[in-house]
Amino acid sequence: MDSVFQLSNVPPASPETSASGPDRAAGHKNMLQLIQLRWIAVFGQITTIIVVIFGFDIHLPLPHMLEVLACLIAFNIGSHLRWHERPFVTNRELFLALLVDVATLTVQLYLSGGASNPFAFLYLLQVILSAVLLEAWSTWTIVGITSICFAGLSQFFVPLSLPPDPYDGLFSLYVEGMLICFLLIAALLAIFITRISRNRRVGDAQLAALRQRAAEEDHIVRMGLLASGAAHELGTPLATLSVILGDWRRMPEFASNPVLLEEIGEMQIQLQRCKTIVSGILLSAGEARGESSVKTTLHTFLGDLAEEFRATRPVVSFDYRNDIIQDMPVVFDSALKQMICNVLDNALEASPRWLSLTASREGGELRLVVDDTGPGFPTGMLGQLGKPYQSTKGKTGGGLGLFFVVNVARKLGGTVTAHNREEHGHIAGASVRLTLPLSAISLEPENPEESAGPSGKEQVKEDRQHAG
């Protein structure tokens with residue numbers, strides 16, 4: 001089986017929502033658990049009423065108890081419809097839902113003997129659930145309310161006409177009621193506390209992922225500042241070298257030597273590549289140097305990129321295949337171009353004799369697949385790809401290439417996946433796939449700057465500058 005890693009797109013979270021988002025999502029799951037528990041309570045109350053009336057021949061105020069059940073059913077249906085649409089639940093909303101459960105239990109106990117009813121200990125279930133689900137102030141409020149209700153039921157209740165109970169011990173009617181109540185509470189707590197704990201663990205995992213992403217984005221900012229500073233410092237010596245090489249080409253000593261002229265030409269090509277990289281770094285950092293976002297088409301951009309890669313890299317065989325049938329206008333800048341070239345450069349280091357780039361369009365997505373015939377990814381590294389300083393090259397500070405590739409793709413709403421290709425049971429190379437939504441790079445039929453108005457023009461320009 002191929003080893004696969006995938007970093008799925010996660011929407012950016014602001015500092016205000018990063019901490020509360022997982023807790024509110026876990027609260028939604030806990031609210032759904034409460035709704036399920038309430039349905040069990042409805043079924044249990046109906047069963048208990050039937051058993052008490054027909055099994056023990058005890059008279060109950062049936063019409064009033066059914067009215068309470070009808071209200072509880074209506075509330076639960078309304079809760080299900082409400083929380084099916086809303087994905088987040090606050091502590092206050094959970095608190096109010098538990099108050100409704102306490103109120104219905106209190107009314108049913110009032111109609112069936114008050115505190116002498118063995119099912120009065122179901123108050124403990126409400127207290128324990130509040131301790132698990134709610135904040136401290138809400139939990140202590142539930143404790144106070146249930147205590148007052150229990151004390152009130154000892155003074156105010158509808159007495160029941162119970163038959164004589166000649167049995168003692170386990171066969172006593174009251175003891176059997178307490179045993180049933182104990183088993184019910186134990187079973188419900190075992191089931192629902194386990195589920196609620198799982199929801200909390202999921203929320204904690206989401207919060208940890210958000211914190212990790214915030215740390216990675218902070219790392220990107222610091223690396224971007226460092227790269228921008230280095231690019232500024234490199235600008236002057238690169239310009240000086242360009243002038244010197246131009247002078248050398250015109251000197252008689254070099255002009256009469258074809259070998260030296262060829263080497264100077266190669267040096268100028270590589271120097272121009274360095275200047276392009278510097279311009280791209282500054283453009284990605286928001287600097288003025290370098291060309292702005294380029295309005296082009298998919299076929300033109302990918303074709304030019306492939307030709308430039310062949311001309312500037314020492315690759316023996318580079319296969320480029322474009323399977324996109326319908327071309328479309330798009331906007332690309334140097335950051336996105338560098339992202340693709342970064343993947344190609346990594347493949348070239350692993351496989352200098354052959355690599356391929358395949359472009360295709362599936363639905364609303366652009367898919368670029370880079371294959372090579374190198375040794376592939378080590379199994380232990382596939383799960384770490386895309387994280388900083390995770391590299392098999394043994395160089396200090398390595399592993400930043402795919403780290404930036406993954407983050408640029410994620411900013412555009414895309415994904416990066418990789419696996420090892422296998423032939424005849426052996427690893428035949430690595431395969432990396434970039435998936436980008438076309439909506440992030442496509443151009444509208446009409447000029448958005450003209451239709452956006454004066455204030456919208458600046459926003460469109462800013463969006464294009466940050467497209468990569």
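What share of the 468 residues in the protein is buried? Buried residues make up 39% of them, where buried means under 20% relative accessible area, exposed over 50% and partly exposed in between, with a 1.4 Å probe and protein chains only.

1. Basis. This is a predicted model, in which local features need pLDDT of at least 70 and side-chain atom pairs count only at pLDDT 80 or more, while totals for chains, interfaces and linings use all residues. Residues are numbered from 1 along each chain as its sequence is written, and side-chain values use heavy atoms, with hydrogens and water left out.

2. Overall make-up. The protein has 15 helices and 8 strands; these are DSSP runs numbered from the N terminus, helices being H or I of at least four residues and strands E of at least two. Of the contacts with a separation of 6 or more, 73% are between residues 24 or more positions apart. Contact means heavy atoms within 4.5 Å.

3. H4 against H6. Helix H4 (residues 91–111) packs on helix H6 (residues 136–153) at an angle of about 10°, and their axes are 11 Å apart. H4 is therefore roughly parallel to H6. Axes are lines fitted to C-alpha atoms, for helices over the stretch in contact, and angles run from 0 to 180 degrees between N-to-C directions. Angles under 35 degrees count as roughly parallel, over 145 as roughly antiparallel, 65 to 115 as roughly perpendicular and the rest as oblique. Ala, Val, Leu, Ile, Met, Phe, Trp, Tyr, Cys and Pro count as nonpolar, Asp, Glu, Lys and Arg as charged, and the others, Gly among them, as polar.

4. H4 against H5. The axes of H4 and H5 come within 10 Å and cross at roughly 175°, so H4 is roughly antiparallel to H5. H4 contributes residues including Leu 94, Asp 101 and Leu 105, and H5 contributes Tyr 123, Gln 126, Leu 129, Ser 130 and Leu 133. By class, the contact of H4 with H5 has 8 nonpolar, 4 polar and 1 charged residues.

5. The loop between H5 and H6. Glu 135 lies in this loop and is partly exposed, at 44% relative accessibility.

6. Second largest pocket. Its volume is about 1300 Å³. On a 1 Å grid over the protein atoms alone, a pocket is an open set of points where a 1.4 Å probe fits, with protein on both sides within 12 Å along at least five of seven lines, and lining residues have an atom within 4 Å of a point. The lining of the second largest pocket has 45 residues, of which Thr 48, Val 52, Asn 117, Phe 119 and Leu 122 lie nearest its centre. Two or more lining residues come from each of helix H2 (20–55), helix H3 (62–85), H4, helix H5 (123–133) and helix H7 (173–250). H2 gives the most, with 13 residues. By class, the lining has 29 nonpolar, 12 polar and 4 charged residues.

7. Phe 43 is in helix H2 and is exposed, with a relative accessible area of 61%. The C-alpha atoms of Phe 43 and Leu 69 are separated by 9.7 Å. Ile 77, in helix H3, is partly exposed at 40% relative accessibility. Ile 77 and Trp 39 are 38 residues apart in sequence and 9.6 Å apart C-alpha to C-alpha.

Note on methods: Grid points are joined across faces, edges and corners, and a volume is the space filled by probe spheres set on the points.
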